[in-house]
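Here are my notes on this one, in the order I would go through it on screen.

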Amino acid sequence: SSFDVTVTTTQEQSATRSYRLTVVDPLAISTTSLPDGTEQEIYSATLVATGAAPSSLTWTITSGTLPPGLTLNAATGGIGGSPTVSGTYNFTAQVASVSGSRASQPLSIVVVQFLSITTLSLGEATQGKSYSATLSAAGGRSPYTWSLSGSSLPAGLQLNPATGQIAGTSSV
């Protein structure tokens, strides 16, 4: 918006100047949450700010830490890498504009353990007798869904996709 301002003295001297004033939104970080990550898997997320041109911003972490293996790109707000340790990592992201405005946002990234099947072996099944064994897993995000991969169980046994239990009476 444009406007003129005039100043006048008691001796009736005056001066006038025209101004242009642009009202902008305050600098703010609009990112309020970040996706979870998994150990040893590539992670990528970008922090977003409003109220200034992205090219005029500098990003930093002012308290707490990113998960080990992740870094913050100060110019783009990108967080990337491969996290190496599971856990919850709380930190405060700060953005600063070239005009000196600053904004902060508390954030966290949860890194889950890499998914693995922890059952090392199964006991023997005797033909014609009831059999039951439950598989277990660690890491990732539960609930898990269990399935066979390119093979089949002995006839009469079934895998429960919700529990990981192999049960039934083997007929072979």
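1. Start with Leu21, which counts as partly exposed because its relative accessibility is 47% (buried is under 20%, exposed over 50%, partly exposed in between; 1.4 Å probe, protein chains only). Leu21 sits in the loop between strand S2 (14-20) and strand S3 (28-29); strands are DSSP runs of E, at least two residues, numbered from the N terminus.

2. A word on the basis: this is a predicted model, with local features needing pLDDT of at least 70 and side-chain atom pairs pLDDT 80 or more, while totals for chains, interfaces and linings use all residues. Numbering runs from 1 along each chain as its sequence is written, and side-chain values use heavy atoms, without hydrogens and water.

3. Now the open sheet: 4 strands, order S4-S11-S10-S7, mixed pairing (a pair needs at least two DSSP bridges). S4 (37-38) and S7 (57-64) are the edges, each with a single partner strand, so one side of each lacks a neighbour in the sheet. S10 (residues 87-97) and S11 (residues 102-112) run antiparallel over 10 bridges, and Thr88 has Val110 in S11 as its bridge partner.
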